[in-house]
Amino acid sequence: MSETVSAKDVKKIARLSRLHVEEERLQPLADELNGILGWIEQLQEVDVEGVAPMTSAVAMPAPMRADKVSDGGKRDDVLKNAPKSEDGFFVVPRSVE
Amino acid sequence: MTDLTNLTLSAALDGMAAGDFSSEELTKAHIDACMDAADLNAFITTTFEHAMDGAKASDARRKSGTVGKLEGAPLGVKDLFCTEGVKTTAASKILGEFTPTYESSVTANMKADGMVMLGKLNLDEFAMGSANETSAFGPVINPWRKDEDLVPGGSSGGSAAAVAAGICLGATATDTGGSIRQPASFTGTVGIKPTYGRCSRWGTVAFASSLDQAGPIAKTVKDSAILLGSMAGYDPKDSTSIDAPVPDWTKSCERSVKGLRIGIPKEYSIDGMPPEIQTLWDEGIAWMKDAGAEIVPITLPHTKYALPAYYIVAPAEASSNLARYDGMRYGTRVDGADLNDTYEKTRAAGFGAEVQRRIMIGTYVLSAGYYDAYYLQAQKVRTRIVQDFENAWESCDAILTPTAPSAPFAVGRKVTDPVQMYLNDIFTVTTNLAGLPGISVPAGLDKDGLPLGLQIIGKAMDEDTVFAAASALEKAAGFTARPEKWWT
């Protein structure tokens, strides 16, 4: 796991993160990420043979609820904070050409 | 009349009950104090008019015989809790003018109990930071000062500064890696992160969902018990909320610690820690012994792996939680050439540098081919940390440690290495990973007259013992120092 992240990798990560990063920031960001990832690397020393990953902080069964509508009818509330809306719909940039 | 802003929450509630003063008078005194303290930058949004209306309504309720647990108390709310009709920012530009049409469960509980909200308190952006310097609304200044401005800690820096300055009787806060306890230590206040699941996360802006937990920052241990008693409780809207009764924790504060076994983990003595913190810890041990507790050396061998594990788990969950900020449904939108460009420009303009860094780390550790090596490994290490505590509980009932590895430091101290900043949470983060309750109690001053805190960690669901031990510590420490009022 001691691979390092390159500027090209940062470009890919930024793309996956939907973050616009200017070209000249790629290498400095790669250096920062490598600093953090290098420090995190020490986790590989821990013997986790046969250890289950933690899934819950307090052991309890996943709660069930009735499959019934409990809330709704709040179109105007939902749209209230929209950057753009029209006729009861969100207005978003074209996504299909 | 004495200055009402010097009262504890407990004394203020008693004073109103006795008819010594009204919520209106108490609230007015705090609003004046808030206005005088504008230089602290503790608030992002103030709601003083609402507060005065709320105070009058509370006085009317009291006359009619309805008195809630927080009746008429002017309090602050960290701006991470959604509040109906009041702008909620998470200290980020990306939320723009977002004004929730609903109330978080925690603040709904407090409002039902009679809270008067003074406003929304500043924090690190999305609660990511340990100095309150990542806020898009500027840093909060610690009321404690030494020749220069100091940070109040973070992420709940506004909450801690407001309580320390006496401008709020108490405040809500949240803690993902130490964000309640470290600022409490930096400001001479009390802060408790309860067991994960005690307080509902519903309506609180999410950072890292398996670690996030709400709790109060207060002037005294008893005040924190009163506040937590209102904030906590089962909520079906949060699937990780614990369905258990909320005890009266103010009673726990009176419980004796005689015979209680207090564990002292050897791994919490770290290189580079100021000797004063070691000395204070030793004093804390002596105080607990004097109060009748039995001191037990313990070992928590995986402590050093807690922070690196945290810096995988928290960014991974954050990158997932923060994917919702796409500029489509709420918040700021920056138009681009097409949909993806709009997403990328919106998020690049809306998120600050630290948030972007953590989103990228999270995206990387969750990306194809790396999940097992990073996230899965970190979750397994987390289980090891839980096992450490389980082993420790065989020989002790609670654990005593320092809260933070330093006293408050200067604002604007350029930290070029993010890892250095992350080390602030070294003593607090283990309880988040294990889901355990932890409290910070002001215990002494360093050579510069700045506050230092000690931490009590308890078993899951055993806030009772945590409050008992914290009260013993508070009593023995006799911490009465207050910051000099330089800001008015």
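Colleague: Helix α5 of chain B, residues 157-164: mostly covered or mostly open?
Modeller: Mostly covered. In this predicted model, eight of the eight residues in that helix are buried.

Colleague: Which residues are the buried ones in α5(B)?
Modeller: They are B:Gly157, B:Gly158 and B:Ser159, then B:Ala160, B:Ala161 and B:Ala162, and finally B:Val163 and B:Ala164.

Colleague: What happens just after α5(B)?
Modeller: B:Gly166 has a positive phi there, about 75 degrees.

Colleague: New topic. How many residues does each chain put into the contact between A and B?
Modeller: Chain A gives 50 and chain B gives 63. Together the two chains bury about 5,100 Å², with 67% of that on carbon and sulfur atoms.

Colleague: Which three residues of chain A supply more of its buried area than any other three?
Modeller: A:Trp39, A:Leu43 and A:Met54, which supply 14% of what chain A buries against chain B.

Colleague: How many salt bridges between the chains?
Modeller: Four. One of them joins A:Glu32 to B:Arg357, where the closest N and O atoms are 2.6 Å apart.

Colleague: What lines the largest one?
Modeller: Residues of chain B, including B:Phe207, B:Tyr310, B:Tyr311, B:Arg358 and B:Asp425. The lining as a whole divides into four nonpolar, five polar and two charged residues.

Note on methods: Residues are numbered from 1 along each chain as its sequence is written. Chains are lettered from A and ligands numbered from 1 in the order in which they are written. This is a predicted model: local features need pLDDT of at least 70, side-chain atom pairs count only at pLDDT 80 or more; totals for chains, interfaces and linings use all residues. Side-chain values use heavy atoms; hydrogens and water are left out. On a 1 Å grid over the protein atoms alone, a cavity is a set of points where a 1.4 Å probe fits but cannot get out, and a pocket is an open set with protein on both sides within 12 Å along at least five of seven lines; lining residues have an atom within 4 Å of a point. Ala, Val, Leu, Ile, Met, Phe, Trp, Tyr, Cys and Pro count as nonpolar, Asp, Glu, Lys and Arg as charged, and the others, Gly among them, as polar. Buried means under 20% relative accessible area, exposed over 50%, partly exposed in between (1.4 Å probe, protein chains only). Helices (H or I, at least four residues) and strands (E, at least two) are DSSP runs, numbered from the N terminus. Contact means heavy atoms within 4.5 Å. Buried area is the accessible area (1.4 Å probe) that two parts lose on being put together, summed over both. A salt bridge is a side-chain nitrogen of Lys or Arg within 4 Å of a carboxyl oxygen of Asp or Glu.
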